[in-house]
Amino acid sequence: MITFEHVSKSYGEGHRPALAEVTLQIDKGDFVFLVGPSGSGKSTFLRLILKEEKASGGSVQVAGRDVGRMRSWKVPQLRRQIGVVFQDFRLLADKTVYENVAFALQVLGKPRHVIAQTVPETLGLVGLGGKEKRRPHELSGGEQQRVAIARAFVNRPSLLLADEPTGNLDPETSVGIMKLLDRINRTGTTIVMATHDDDIVDQMRKRVVELRDGKVVRDEDRGVYGSGR
Amino acid sequence: MRVGFVLSEMVTGLRRNVTMSLAVVLVTMVSLFFFGAGLLVQKQVDILKGDWYDRVQVSIFMCGSESREDLCPGGAITDTQRDDLREALNADPRVAEVFYESQQDAFANFREQFDPSVADNVSPDQLPESFRVRLVDPEGYLEVSEDFAGYPGVEDVPDQRAILQPLFTVLNVATQIALGLAAVMLLCSMMLVSTTIRLTAFSRRRETTIMRLVGASRALIQLPFVLEGVVASLIGGLLASGALWVMVNFGVSRLRSRPGFTTRLIDTNDVLTQTGPVIVAVGVVFAIIASFISLRRWLKV
């Protein structure tokens, strides 16, 4: 699904590179935790997959396509196959739950009847059935993150990127979110999640990739958060 | 579906920055008004030139007893010379009609045109006799007048077109001032469009970020911004056209209704069919250019 070969990224002369010679393979259907201290390169890793950044060296392949050589007008097609979830949810405050999720389909020009069918389905999947008409500020943090996940998943992407999705949530709510992500992973969706949350990583026993100073220092199946220290 | 989406995004954007949108509308209106006014003055100049040049006759003034010696070294025109000249004019295919104005005729005309206090000081032999020639094609004025200026006994073939030259100069200067103002104002409106887009892009960055992430095409993300500028300029252009129409309808038309005013003038039809569409198109094109330039700077896709 994702292949990094000797990928480096530096943000200009004199700066320490954010990623240095990273080589990594993530298969279809994998669930991968990306761990490491702040500034270790986790976000850069995700941004390279989305082509929000361009690698300084090496090659990034996503779903069989060379992202580095991709023409800018083809980037939207790449992003349609990738869902993204953030720590701060990034919902539109003036739209309802339903409209927030539908927005992702509207901008892709999906027909009205498809939207009318898919959006409630997805909201049911994330456990928000019956809350379609609420606005984000009327929801708890966990519920807001569920809306964000619904929006990321409504187009049924083959890859879901999550950047600290539980960073703003209490432990109990975080568990609920992780169960949801696990369920989405079972549908065959590859998930890459950057996190600081050691409890969750230890509980889930999934593949763990640890980054430090832009390098992969650990990559183990069914790993835990802290064993590299 | 997507058309509706783009339009609703555009309306949201316009409503969110009402004052900025209003500023764009007004500045565009003023700039296009000056631009249109310049075009109309030029149009009037063209009409005047066409009409005047059509009416122009070639006046061939002949030497008389009072003529200047450097122009008439042979003194007053002789009967033979006059007959030769008349024959040459009649034979010329470019000439439609020839009238002869004797010194007595000229004196009579002079007395009609001028106040007696002036006319009483003039005697018939001070006025030159002349041939008044109407041309088949008034455009050929210069060649005809040059050909006959050299005939023996001809004192002068003045260029009548020069009479209106000061007027044309004034109108041309007026046009240049109007176009200069229009250029400055158009620049202002382009910068305003650019600033508006910068503000809108900032206030809508959440939406655009999400659109980008879910894979909306660049066109879909940028179109609402471009359309905002275009619609504002379109409204400005229509208002400017309206202002020009009012100016022509009430200003110029009043001039026309004055007795004795026979010159053809621009009318509201010129505004509706020519100037209006042109300035609206110019406004829209400038807005599109300004939009794309500033989108490249302020909206990452």
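**Close-up views of a two-chain predicted model**

**View 1. The two domains of chain B.** Chain B comprises domain 1 (3-52 + 164-298) and domain 2 (57-159), with bounds taken from an automatic or database domain assignment. A distance of 52 Å separates the C-alpha centres of domain 1 of chain B and domain 2 of chain B. The model is predicted: local features need pLDDT of at least 70, side-chain atom pairs count only at pLDDT 80 or more, and totals for chains, interfaces and linings use all residues. Residues are numbered from 1 along each chain as its sequence is written, and chains are lettered from A in the order in which they are written.

**View 2. The side of chain B that touches chain A.** Here 15 residues of chain B are in contact with 17 residues of chain A; contact requires C-beta atoms, placed from the backbone, within 7 Å. Helices H1 (2-16), H8 (205-214) and H9 (218-257) of chain B each supply at least two residues of this side, and H8(B) gives the most, with seven residues. Helices are DSSP runs (H or I, at least four residues), numbered from the N terminus.

**View 3. The largest nonpolar core.** A nonpolar core is a set of buried Ala, Val, Leu, Ile, Met, Phe, Trp, Tyr and Cys residues joined through C-beta atoms within 7 Å; buried means that 20 or more other C-beta atoms lie within 10 Å of a residue's own. Among the 75 residues of this core, A:Leu34, A:Val101, A:Ala150 and A:Leu161 touch the most other members. Helix H3 (residues 97-106) of chain A contributes the largest share, seven residues.

**View 4. The second core.** A separate core of 45 residues includes B:Met10, B:Val30, B:Phe33 and B:Ala287.

Notes: Contact = placed C-beta atoms within 7 Å. Buried ≥ 20, exposed ≤ 12 C-beta atoms within 10 Å, placed from the backbone.
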